[in-house]
Amino acid sequence: MDHLGRMGFSEAQADLLEVATSFCREKSPVEKARKLLDDEKGYDPAVWNEIVALGWLGIAIPEEYDGAGLGLAEVAPVIEQMGRRLLAGPFCSSTLAAQALLAGGTEEQRKTFLPQIIAGEIATLALSEESGDWSLVHLKARAERAGDKFSLSGVKNFVWDASAARWIIASVLYEGEPALVMIECGALPDGALRREVIIDETRRSYELKLDGVDVPASALLDPAKARAALAHIHLAANLLAAAEMVGGTQAVIDYTIDYLQTRKQFGKLIGAYQGLKHPTVNAFTQYEQARSHLYAAAHCFNEQGTGEIATRMAKAEADKALSYAADRAIQFHGGFGFTYECDAQLYRRRAIWHASQYGDAAYHRRKLAELIL
Amino acid sequence: MKHDGVLMGKVDQQELAEFAKQADAWFAENTPGDPGFMLPLSFLEVGTDQQFEFLRDWQRKVYEAGYLGAAWPTDYGGGGLDQAFQDAATEAMRRHKGPIMLNAIGLNWAGPLLLDMGAEAEKSKHLKNILSAEDIWCQGFSEPDNGSDLGNAQLTAVRDGGDYVLNGSKIWTTLGNYAKYMILLARTNKDAPNKYAGLSFFLAPMTVAGVETHPIRKISGEYGFTQTFFTDARIPAGCLMGEEGQGWLIALRTLEYERGARGGQAGGYIMTPIDVASVVDLAKEMKRDGAPAIEDPLVRDKLVEFIIEGQALDLCDQRGRIAPLVQDRPMALPLSAKLMWSEFAQRLTAFAMSLTGAKGGYYVGEPNAVERGLWTRSYLNSFAATIGGGTSEIQRNIIAEHVLGLPKG
Ligand SMILES: Cc1cc2nc3c(=O)[nH]c(=O)nc-3n(C[C@H](O)[C@H](O)[C@H](O)COP(=O)(O)OP(=O)(O)OC[C@H]3O[C@@H](n4cnc5c(N)ncnc54)[C@H](O)[C@@H]3O)c2cc1C
């Protein structure tokens with residue numbers, strides 16, 4: 001059992017944690033998060049502009065492309081706090097698209113697109129397909145060479161934030177191998193995007209039809225790096241998901257505690273009953289463990305071997321922690337807990353969503369068994 | 001600037017590295033091999049004189065080499081070094097799988113308590129002899145009728161001239177039959193305004209007339225604790241720690257040391273560390289349907305779960321030292337540690353037992369038993385930690401009320 005992660009925390013992480021904590025609390029009170037559920041766009045453009053102005057899109061991008069030259073370790077506390085406040089927007093999408101360019105793009109593409117992403121142009125990924133397989137390399141969508149263009153075909157699913165995006169980076173089979181292509185959304189035919197109905201209503205996700213879409217030859221990311229880039233994105237997405245879930249776990253536990261401290265039955269505050277008190281403590285200790293895994297994964301993310309192990313552990317534990325805490329939150333609110341009005345559902349839905357994207361706890365444990373046993 | 005979350009302020013890193021190297025060499029050379037009889041898994045199951053003498057000699061030897069109490073003040077027999085030095089020595093002890101430290105209650109709760117709140121005379125009298133295992137200490141808190149509800153303790157201490165006269169009984173007294181001193185919670189005032197205010201704390205000698213210990217056999221078949229009877233036992237009034245009526249306060253502080261919520265312990269470890277890696281090894285050796293158990297997908301999933309959880313405990317320990325990552329509820333990790341590891345150890349050892357297949361039915365003494373019955377014995381003894389030192393249920397109450405702010409039951 002070598003290659004287990006270690007805890008570590010940089011000054012930049014500490015600074016970002018502090019700033020993000022107050023920013024997200026201020027900008028995304030739960031009433032506002034709720035209002036955005038019904039909004040077609042799903043996020044507040046003014047808040048997005050502030051996020052851009054804070055430079056957060058560039059945190060994990062090297063200085064040569066106008067970024068801050070830090071890493072995903074420093075993005076983690078920001079997303080943790082966003083998750084805690086259910087702050088909506090395309091931050092994860094753009095961050096992951098930038099990672100795709102860093103890991104799989106040509107130098108020309110990085111130079112062109114990364115500074116624009118940092119400046120607030122939105123980019124997203126189209127990696128999943130109808131099969132629902134978490135593997136990112138078993139693909140049906142294709143790219144065929146047609147003169148100086150590629151013509152694309154097939155369908156991609158779970159394309160987050162696509163209608164707000166300027167670019168979509170899609171995975172396709174090209175000459176029998178997975179490849180990544182960058183699609184300009186402006187060039188998509190009418191009806192190419194369809195909003196999907198998803199469990200987490202704080203987010204937006206789309207189906208993308210590639211049939212009839214052509215992209216220039218320059219849109220192909222470096223084919224030699226495609227597999228490595230997909231592996232990198234898989235881990236990066238799981239790290240960010242773990243961060244968002246850990247933040248959410250803290251919030252839903254706090255929300256439950258609040259109710260346990262105010263609701264009375266049989267003349268007593270319900271929090272005095274151990275049937276509620278002890279499971280709440282169990283949820284809390286799971287949260288503490290998941291948070292430790294998160295920050296170890298963030299710290300070790302770039303280490304060969306260790307990064308993958310720590311990240312899979314973090315996602316598996318975050319899934320377990322948020323699912324359990326939100327599940328108990330519903331139960332402990334009684335009839336009110338069963339309503340749309342109770343915030344417990346927001347977190348339970350979010351847990352279901354994250355378990356569905358890039359692998360749930362059991363899937364990551366299965367991968368870990370191959371890595372550590 | 002990255003750092004690994006360890007405060008490295010005043011410690012001379014070169015000196016520390018040199019010390020760690022010497023400690024490593026010392027334990028490599030001096031750690032005893034198999035003594036030819038079964039050693040207890042923890043300080044809780046010291047049941048024979050042979051075990052006792054062996055462990056007492058070992059503790060003395062470690063202390064004299066400078067690897068126990070390295071961070072206690074030199075005035076009281078300690079090494080006067082930074083805690084990082086003691087941690088390095090403990091690490092070396094663990095690496096070489098040294099036997100446990102015997103005088104657990106002295107080293108880990110009575111000692112730090114004395115350093116923290118003791119009078120000068122008490123510190124000079126007791127601390128060095130705790131380190132050298134000259135004086136074994138025990139803890140007289142629980143009573144037959146008052147365990148979790150410790151504040152209701154009823155053993156009485158009545159002032160009579162220059163003495164206190166003790167009457168009543170304590171139970172589950174670990175090391176009771178070997179101890180020379182007891183940290184004792186007793187009732188000095190039956191008419192106090194509430195049950196807590198009538199309690200006082202004593203550093204009581206066990207060697208006076210009227211103190212009797214009756215060993216109690218444990219679930220595992222081993223011995224290690226006693227019921228302790230006090231019948232008109234006279235102890236000098238100077239044994240009172242602090243003042244009359246301060247007993248509850250001092251007892252609470254003691255429990256913080258016992259549960260590891262507060263630092264200052266002398267070092268070493270008092271329980272054989274349980275280690276997921278050895279359960280993984282066990283899964284490689286044992287067979288299921290003719291193949292190594294580790295090839296069974298369900299076994300693999302369980303093992304991974306245990307590895308993740310064991311790793312979480314280590315990481316929580318590390319995170320506890322990084323202030324910005326514990327600021328929302330600073331007491332959460334210290335107050336949760338005992339609950340988390342004791343429950344984990346219980347589930348892990350139960351799983352290890354099941355891995356041994358039919359041989360899970362063997363026990364200590366059976367030559368065919370896997371690792372001399374280690375896993376079954378470990379599982380049975382794991383309840384020591386989920387019950388002793390405050391049960392898991394009580395720990396959950398404490399976390400709920402003191403960390404999460406939930407109402408009292
Ligand atoms: C191996 C071992 C060594 C020990 N060594 C020592 C020692 O050296 N010195 C010493 O003083 N004591 C020692 N103890 C005693 C230990 O501290 C007590 O056993 C423990 O505090 C529980 O008290 P009890 O046994 O009276 O159980 P009880 O308090 O009677 O508890 C019975 C059950 O009720 C539950 N319970 C009780 N109150 C509540 C509540 N409010 N909410 C929910 N559940 C509750 C408990 O969790 C438990 O499951 C030792 C115990 C063990 C097992």
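The model is predicted, so local features need pLDDT of at least 70 and side-chain atom pairs count only at pLDDT 80 or more, while totals for chains, interfaces and linings use all residues. Residues are numbered from 1 along each chain as its sequence is written, chains are lettered from A and ligands numbered from 1 in the order in which they are written, and side-chain values use heavy atoms, with hydrogens and water left out.

**First selection: chain A**

Select chain A and colour by secondary structure: there are 12 helices and 11 strands. Helices (H or I, at least four residues) and strands (E, at least two) are DSSP runs, numbered from the N terminus. The C-alpha atoms of chain A fill a box of roughly 80 × 50 × 40 Å along the principal axes. Of the 373 residues in chain A, 61% are buried, where buried means under 20% relative accessible area, exposed over 50% and partly exposed in between (1.4 Å probe, protein chains only).

Next, select His278(A), which lies in helix H8 (residues 274–300) of chain A. Is His278(A) buried or exposed? Because its relative accessibility is 10%, His278(A) counts as buried. Display the residues around this histidine: apart from neighbours within four places in sequence, His278(A) is in contact with Glu393(B), Arg396(B) and Asn397(B). Contact means heavy atoms within 4.5 Å.

Proceed to chain B, whose secondary structure comes to 11 helices and 10 strands. The C-alpha trace of chain B spans about 75 × 50 × 50 Å along its principal axes. Buried residues account for 52% of the 409 residues of chain B.

Select residues 156–160 and 163–174 of chain B, which are strands S2 and S3. These strands run antiparallel and are joined by 5 bridges; two strands pair if DSSP finds at least two bridges between them. Where does the hairpin turn? There are 2 residues between S2(B) and S3(B), and in this hairpin Gly161(B) takes a positive phi near 60 degrees. Asp160(B) stands opposite Asp163(B) in S3(B).

Return to Asp163(B), which stands opposite Pro236(B) in S7(B).
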